[in-house]
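Walk me through this fold, starting from the inside. Which parts are covered, and how do the strands pair?

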Amino acid sequence: MLKDTFFYICFRIKDKWNEMKKSGKHHYIFQKFTLWVVAVLWAIVALNVLAGGWKVVEEEVILSAFNTDVYSGLTADVSTVAKVENMGLTTQAKKIILENIAKKIGLENYNIEQTQDDRTETVSLTQESVNGNVNCKFVSEKAVEGVSGNQYIFMEIMLNNSINSVFAYEEIIESILSDMKLDGDITVNLRGDIDGNINMELRDALANQMIEKIGAKIVAENRTEDLYTIYAYDSQIKDYIKIGSDKVNLNISISYDEIKNVTSVYFSTPINNHDY
């Protein structure tokens with residue numbers, strides 16, 4: 001649309017120029033007309049930024065604040081859970097829905113299986129590869145004493161050794177939710193690993209650097225070795241959740257795995273949904 005508008009304006013400039021040449025007033029009037037055209041083009045660009053540029057700004061803000069140079073390993077994931085109101089879906093219908101989701105994500109070599117227990121029936125679609133894993137589930141709660149349970153779709157895309165493409169997959173999940181008319185919060189987690197158990201001074205340095213670089217406002221924090229987590233809000237990121245009366249759309253969390261002897265640093269939006 002922007003391209004079509006640009007060519008239309010160019011055509012009008014040429015047409016207007018020919019009119020002004022015939023009138024003999026082309027020098028002064030053309031200067032004013034040129035300023036008008038520039039203003040219109042800037043307005044068009046601004047509208048496009050407001051309409052579709054939020055995600056670009058969000059991606060750049062988050063990726064630039066997460067200093068990848070200090071980590072020995074990098075992973076990222078994007079996930080969502082959405083409630084499905086239609087309780088009359090058959091197992092085959094659920095499989096078809098999951099296969100359509102897989103097609104939109106770009107999966108080909110996936111597996112589908114059905115499991116159930118006393119409380120739930122789950123249809124799962126999974127695909128594993130060197131570059132990452134995808135896990136999609138259709139979970140249906142069984143009726144208890146005549147009361148119908150709820151039904152949910154869960155989608156998670158995990159990326160290994162790369163974090164830059166996670167926001168492209170976030171947009172795919174947003175599109176899937178929109179097409180299915182489902183409402184679900186989407187969480188993006190960036191994770192970097194550091195060998196050993198880093199001290200509190202280095203933890204604070206990493207966290208403070210991310211907060212300062214992004215320019216976020218700290219809403220709540222707990223900085224201890226047992227629980228290191230910071231909740232913050234940044235207006236450059238469009239979406240947020242409410243914790244009490246406070247807006248939150250960034251979460252920094254740091255934890256140490258004694259078995260692997262690795263410290264993991266998470267940079268999440270809006271909050272980290274992993275155990276850490």
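The paragraphs below go from the core to a set of strands and then to a helix.

This is a predicted model. Begin with the largest nonpolar core, which holds 52 residues. Ile 101, Leu 190 and Phe 267 touch the most other members. In soluble globular proteins, nonpolar side chains tend to be buried together.

Now follow Phe 267 into the strands. Phe 267 lies in β12 and is the bridge partner of Ile 252. Strands β11 (residues 250-257) and β12 (residues 262-269) run antiparallel, paired over 7 bridges. Together they make a hairpin, with 4 residues between the strands. In that turn, Asn 261 has a positive phi of about 55°. β11 also pairs with β8 (residues 228-233), again in the antiparallel sense, over 5 bridges. Here Ala 232 has Leu 250 of β11 as its bridge partner. How many of the 8 residues of β11 are buried? The count is 6, so the strand is mostly covered.

Turn to α5, residues 166-179. This helix has 14 residues and reaches 20 Å from first C-alpha to last, close to the 20 Å expected at 1.5 Å a residue. Val 166, Phe 167, Glu 170, Ile 173, Ile 176 and Leu 177 are buried. Seen down the axis of α5, the buried residues fall within an arc of 165°, so they line one face of the helix. Just after α5, Lys 181 takes a positive phi of about 55°.

Key. Residues are numbered from 1 along each chain as its sequence is written. This is a predicted model: local features need pLDDT of at least 70, side-chain atom pairs count only at pLDDT 80 or more; totals for chains, interfaces and linings use all residues. Side-chain values use heavy atoms; hydrogens and water are left out. A nonpolar core is a set of buried Ala, Val, Leu, Ile, Met, Phe, Trp, Tyr and Cys residues joined through side-chain atoms within 4.5 Å. Buried means under 20% relative accessible area, exposed over 50%, partly exposed in between (1.4 Å probe, protein chains only). Helices (H or I, at least four residues) and strands (E, at least two) are DSSP runs, numbered from the N terminus. Two strands pair if DSSP finds at least two bridges between them. The expected span of a helix is 1.5 Å times one less than its number of residues. The arc is that of the directions from the helix axis to the C-beta atoms.
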